[in-house]
Amino acid sequence: MAELVVTALLAPSRLTLKLLRALMWSLVFSAALVAAAVYSCIALTHVLCRPRRGCCGRPRCVFPACLSDPSLGEHDFLTLQSSGLRLHYVSAGRGNGPLMLFLHGFPENWFSWRYQLREFQSRFHVVAVDMRGYWPSDAPGDVDCYTTDLLMVDIQDVILGLGYSKCVLVGHDWGGFLAWNFSIYYPALVERLVVASAAPMSVYQDSNCPRGRIFLPWLPEKLLSMSDFQILKTIFTHSKTGIPRVTLHEIEAFLYSFTQAGGLVGPLNYYRNIFRNFPLEPQELSTRTLLLWGEKDIYLEPGLVGAVGSRFVPGRLEAHILPDVGHWVPQSNPEEMHQYMWAFLRDLLD
């Protein structure tokens, strides 16, 4: 009898939660359909304006020379203990100090950390990985292989597989989202955290629900590859929101991996899993963290910095909003980023 009473009392709450979940998913897919229509028009416009490029992306057969620049480090692969996947990484400065591990965003790869690899290899063992799904790292085909939980286990396996018990973890964009989560659930492995242009998932959820433009199957891959990946090129080169002073060779360094067979599927599967763990409970943040944010970041509002600060144990967050700076802080303003990082990490090197 008691169980029946409890069940009856909980029934309205359970029904409400189910209705809210159904409403959330209906909004997500509605937004995805609207975004698909908008991006379809953009992609078709690119095709009509550049008919010689055709509707499909051109596979790159020549490896960009800048990806082999010896000043950036040595290339290698690491087999992860938990999954058996092989991740590609570039490493320099082994034996020079603590591990500094870099996690990139989308649409990028390890090369987005080229300035930081050169800057910090004198005092740190710097390692920039190609995340799961990004060529030439292994890319499982199943969308369920790209959950946040699995991606965090990858980070753990990289740290331990390189022979370290902790690291200075540095992330941007998607790498920043994962770095935040990793510092919450694996705090013993993170000595310091440096994040550019990213907020914790729970903060982002409360402030601005993630855009639903990449949750549909196969269509985003098709749209992004049309007219020889023109939408991706525009992301990099846009006069107001792109990466300042980016060269054609550097753009090709990013595009090369996406032009390989299935090269966009893994990266876009990150987005297809973004709602898997929602709604998230607010988490208290305690890892000593440096947060850098571009004032003119069009993807993430500067107001999120205050929301991040409200979740922190007092005295553990150092945040800076960089004036007249956009989303691509590690590439657009490396000197400023390096200055803040050296000051933030000084006591680790004394």
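In the protein chain, 77% of the contacts with a separation of 6 or more are accounted for by residues 24 or more positions apart. The model is a predicted one. The chain contains eleven helices and eight strands. Of its 350 residues, 51% are buried.

Threonine 148 and arginine 276 stand 128 residues apart in sequence, and the distance between them in space is 8.5 Å, C-alpha to C-alpha. Threonine 148 belongs to helix α3. With a relative accessibility of 10%, threonine 148 counts as buried, because the cut-off for a buried residue is under 20% relative accessible area.

The packing of helices α6 and α7 was examined next. Two packed helices are described by the angle between their axes and by the distance between the axes. Helix α6 covers residues 219-237 and helix α7 covers residues 248-259; their axes come within 11 Å and cross at roughly 150°. The two helices are therefore roughly antiparallel, since angles over 145 degrees fall in that class. The crossing in which α6 passes α7 is right-handed. On the α6 side, the contact involves Phe229, Leu232, Lys233, Phe236 and Thr237. These residues meet Ile251, Phe254, Leu255, Phe258 and Thr259 of α7. By residue class, the contact of α6 with α7 comprises seven nonpolar residues, two polar residues and one charged residue.

Aspartate 228, located in helix α6, has a phi near 55°, a positive value in a residue other than glycine. The relative accessible area of aspartate 228 is 7%, so this residue is buried. A positive phi also occurs at serine 197, which is not a glycine; the value there is about 60°. Serine 197 is placed in the loop between β6 (190-196) and α5 (201-207). The relative accessible area of serine 197 is 0%, and the residue is therefore buried.

The peptide bond from phenylalanine 106 to proline 107 is cis, and its omega is near 0°. Proline 107 is in the loop that runs between β3 (99-103) and α2 (114-120). Tryptophan 135 and proline 136 are likewise joined by a cis peptide bond, for which omega is about 10°. The position of proline 136 is in the loop between β4 (125-129) and α3 (148-161).

Helix α8 spans residues 265-272 and includes arginine 272. Arginine 272 has a relative accessible area of 17%. This value lies under the 20% cut-off, so arginine 272 is classed as buried. A polar contact of 3.0 Å connects the side chain of arginine 272 with the side chain of asparagine 269.

Technical notes. Residues are numbered from 1 along each chain as its sequence is written. This is a predicted model: local features need pLDDT of at least 70, side-chain atom pairs count only at pLDDT 80 or more; totals for chains, interfaces and linings use all residues. Side-chain values use heavy atoms; hydrogens and water are left out. Helices (H or I, at least four residues) and strands (E, at least two) are DSSP runs, numbered from the N terminus. Buried means under 20% relative accessible area, exposed over 50%, partly exposed in between (1.4 Å probe, protein chains only). A polar contact is a pair of N or O atoms within 3.5 Å; within protein, one must be able to donate a hydrogen and the other to accept it, and residues adjacent in sequence count only if both atoms are side-chain atoms. Axes are lines fitted to C-alpha atoms, for helices over the stretch in contact, and angles run from 0 to 180 degrees between N-to-C directions. Angles under 35 degrees count as roughly parallel, over 145 as roughly antiparallel, 65 to 115 as roughly perpendicular and the rest as oblique. A crossing is left-handed if the near helix is turned anticlockwise from the far one by less than a right angle, and right-handed if clockwise. Contact means heavy atoms within 4.5 Å. Ala, Val, Leu, Ile, Met, Phe, Trp, Tyr, Cys and Pro count as nonpolar, Asp, Glu, Lys and Arg as charged, and the others, Gly among them, as polar.
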